[in-house]
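Reader: Can you walk me through this one? I'd like the helices and a hairpin.

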Amino acid sequence: AYMQTVGSLADGSGVFMAGLSDETGDGSNPNITPHYLLQIWKPSAKKVKRSAFWQPYLSADFAKDPTSKIIMAEGVGSSGLITLNEVGHLVGWDYRTRKPLWHLHLEERTSAVRLSPDRRYLAVLKQNYLLVLNAENGEVVGSISLKTTSLGDRIHNAFPSVAWSPNGTRLAIGNVSGVFVVDTTSGKWINEVVQTLPPSDNDLCFVDDEYVLARKSLLIHLPSQIQVANYSGASLAEAFHGITLLVIDEFREPGVVAPLRLPHNTAAKILDQARGASDTLPIHPGVAVGIDVGMLAGDVAREAREALIVAMNKAGYEVDDNASIRLRVQTTGPVTKAVSFIARGSYTFNEWVTQVELVMDGEKLWETSLSNRPGMLMTKDGETIDQALEKLGQGPNIKGLEFIELPKYAQKRSSGSGPNQNNALLQTKVTTRGLEDNPSTP
């Protein structure tokens with residue numbers, strides 16, 4: 001069988017290989033029905049030891065679909081195994097007995113999975129939920145409903161990726177709209193980097209606790225949300241213990257696996273320089289920003305202004321209504337939607353969305369939004385769920401503006417358009433000969 005690596009054993013002593021049982025290796029023999037097989041390869045001093053072949057996905061629970069490509073097989077615990085095939089069957093196994101322990105069916109192109117660095121947990125992006133599972137038994141130990149956040153429509157998008165920070169305290173979700181980061185201990189969204197990215201599967205990774213590499217190329221500094229460098233030319237990227245491995249496969253040249261510590265020296269220096277340059281980073285500590293609540297009326301406008309001043313003070317902005325940079329707020333709604341709560345059924349709710357934007361010379365520098373939809377509903381004594389929802393649905397969540405996290409830094413957005421445009425301070429080409437730097441023009 002033609003085999004390829006799809007994961008490793010929990011102790012690192014070997015790898016899982018997957019391939020077709022058909023002798024041709026590609027399923028082209030019309031007289032043989034190919035099946036995907038798993039095998040363990042363990043390197044020894046002089047040779048590679050191979051286990052017996054095993055054929056997962058024969059059970060009716062998986063629609064008897066052994067012909068679908070196995071794209072992931074990762075060992076967990078002492079004898080656990082997690083597999084995923086190309087039609088979305090995610091299964092936890094006891095590898096010793098070959099028996100399935102738990103099973104989820106994921107939607108193609110709108111789901112993503114990633115094992116935590118310590119292999120104890122599995123992050124699963126499924127429909128409108130981000131789930132964290134116990135990797136061995138499949139028990140849900142944490143979940144976030146994306147419907148309860150205004151980010152939901154942007155996060156649940158085609159070609160998503162999910163990645164753990166090295167310390168396991170944050171999860172990043174990437175898709176064609178940008179990168180969004182959630183704190184796994186509090187469930188709070190802590191970073192939002194809006195940037196059109198080309199569609200590509202499972203290629204988001206933390207290069208360390210402060211940086212993510214999106215779409216194999218775009219390096220983002222999360223504390224400042226600055227897009228530092230765009231490393232073009234790599235066909236594959238993954239990070240381990242602070243080292244990023246970039247695979248370069250140039251035409252008519254031997255492929256190279258380049259181990260790098262990102263950001264490299266030039267990118268780190270440009271980031272430091274940019275933090276003090278207002279022409280490159282118009283949003284920076286001490287920046288003067290005006291407040292625009294002109295699209296709101298009466299008490300709502302006054303309350304919004306007061307709440308925004310609190311948020312601006314936390315971000316280090318100076319409030320100056322004559323400034324060229326404006327913090328603009330508008331609301332839309334109400335829109336009647338269905339909401340549900342665990343074990344409590346479904347209810348109707350009037351949703352209002354509050355849009356917040358930083359604008360300079362008519363161009364958006366940054367944006368976010370918040371909804372009045374509750375993530376968790378607490379009722380008072382004698383109050384029904386319908387009554388509580390009716391009260392919340394009377395207007396937008398203006399008080400929540402106090403708690404938005406305005407960026408301490410923000411870049412001018414690219415003047416171009418399309419998925420290959422980016423705002424990176426440095427354009428770096430990754431070649432088999434090394435890195436070729438070309439600083440971007442502000």
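This is a predicted model: local features need pLDDT of at least 70, side-chain atom pairs count only at pLDDT 80 or more; totals for chains, interfaces and linings use all residues.

Reader: Which residues of H3 are buried?

Author: In H3, Ala-301, Ala-304, Ala-307, Leu-308, Ala-311, Met-312 and Ala-315 are buried. Buried means under 20% relative accessible area, exposed over 50%, partly exposed in between, with a 1.4 Å probe and protein chains only. Seen down the axis of H3, these buried residues fall within an arc of 145°, so they line one face of the helix. The arc is that of the directions from the helix axis to the C-beta atoms.

Reader: And which are exposed on the other side of H3?

Author: Asp-299 and Asn-313. Helices here are DSSP runs of H or I with at least four residues, strands are runs of E with at least two, and both are numbered from the N terminus.

Reader: What about H4, which residues are buried there?

Author: Ile-385, Ala-388 and Leu-389, in a helix covering residues 385–392. Their arc is 95° seen down the axis of H4, so they line one face of the helix.

Reader: Now the hairpin. How many bridges join E11 to E12?

Author: Five, and the two strands run antiparallel. Strands pair if DSSP finds at least two bridges between them. Val-132 has Gly-142 in E12 as its bridge partner.

Reader: What is the phi of Gly-138 in the turn?

Author: Positive, about 80°; five residues lie between E11 and E12.

Notes. Residues are numbered from 1 along each chain as its sequence is written. Side-chain values use heavy atoms; hydrogens and water are left out.
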